[in-house]
Amino acid sequence: MNLLKEVAEKVNRPFEIKLAETREVIKHHFEEFPNNKVAVAFSGGKDSEIVLWLCLKVNPNVPVIFNNTGVEYPQTIDFITKLNQDWKLNLLVEHPEKTFWECIEQYGFAEKKTGTRKSGGQAYCCRWLKEKPMQKVIKRENWLGYFTGETAIENRNRMFWARDRGMCIHLKVEKVCKIKPILWWTEDEVWQFIKENNLPINEIYKLGANRVGCMPCTAHKFWEAQLQKTNPKMYEIIKLRKDNQYVMRLEV
C-alpha cells in the first residue's frame, strides 16, 4: 500500500520517537479525564494488546472493554480469559442484541469494505455487533474517552482518517474521545515490541491469521485464505451459505 505523504512522514520516524509520543498521549489522556472515565478497547489482537499493556503501566485499574460479537475465534476467547486472570484486568464484556447469523439473514454477507452501507452487509454487521454494543457501554459507564489499537497502515480508509484527524478524534454519536496511541506504528514495530517485552500472543496468529475479530467476517480482502487456515469447518459453512445466497439473488 502506498502511503500518503503526510502519513509516511509520521510512520517513517525513528521508533524511539514514536514510542515516546505513544507514552505521552496515554499519560496526557489519563491526566485529562477523571478516574475511570477513560477505558481501553481490547479485541484480543496484537495492536490493542500493546495499548492495553502500556495503559496498565499508567493505571492498573483502567476499565477494559471487550465486545464479544458471538463469532470470535475460540483462541481469542481463551486468550482474553487467560490475560484477564494473569493481568488482573478490570474487564467488562459486552454482547450484541442481534447475532451475526441474524445479520446475514437480514442484510446478506459483507463484501469488501468501502466505508458505505452499499458494501453488502458489512456496515450492518459492524453496526450491530460492534458499534451499538460499544455505544451502549460508553453511555452506561459514562466514559469520556477510550484507547484503541488502531494503526494508520491497516487500510486506505484508516490512512485517510489518520491524515485528516490524527491520534485523537471526537465521535459525535458516542460523544466520546477515541484515542489512538500507536496510530503511526508499523506491523514490524508491533511484533518487535511484543517480542522485546515478552508479551503473550493470541494463538490464532500462530495458525496463520493476520487479523483478529469476527471469525466469519467476509469484508476483508483475504478472508477466505485466513479462514481456510484457521477454521476449515467454519469456512465450509460460510462458503456454502454465501454461495447459496449468490445463487438465490441470480434466480430473483
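Ile169 of strand S5 (168-171) stands opposite Lys178 in S6. The structure is a predicted model, in which local features require pLDDT of at least 70 and side-chain atom pairs count only at pLDDT 80 or more, while totals for chains, interfaces and linings use all residues. Residues are numbered from 1 along each chain as its sequence is written, and side-chain values use heavy atoms, with hydrogens and water left out. Helices (H or I, at least four residues) and strands (E, at least two) are DSSP runs numbered from the N terminus.

S5 and strand S6 (residues 176-179) run antiparallel and are joined by four bridges; pairing requires at least two DSSP bridges between two strands. The six strands form an open sheet with mixed pairing, in the order S3-S2-S1-S4-S6-S5. S3 and S5 each have a single partner strand and stand at the edges, so one side of each lacks a neighbour in the sheet.

Strand S2 (residues 63-67) pairs with strand S3 (residues 90-94) in the parallel sense over five bridges. Between S2 and S3 the chain passes through helix H4 (residues 74-87), in a right-handed β-α-β crossover (clockwise from the first strand over the helix to the second, with the strands pointing away from the viewer).

In helix H8 (residues 187-196), Glu189, Val190, Phe193 and Ile194 are buried (under 20% relative accessible area, with exposed over 50% and partly exposed in between; 1.4 Å probe, protein chains only). The face of H8 turned away from the buried side carries the exposed residues Asp188, Lys195 and Glu196. The buried residues of H8 pack against helix H2 (15-32) and helix H3 (46-58), contact being heavy atoms within 4.5 Å.
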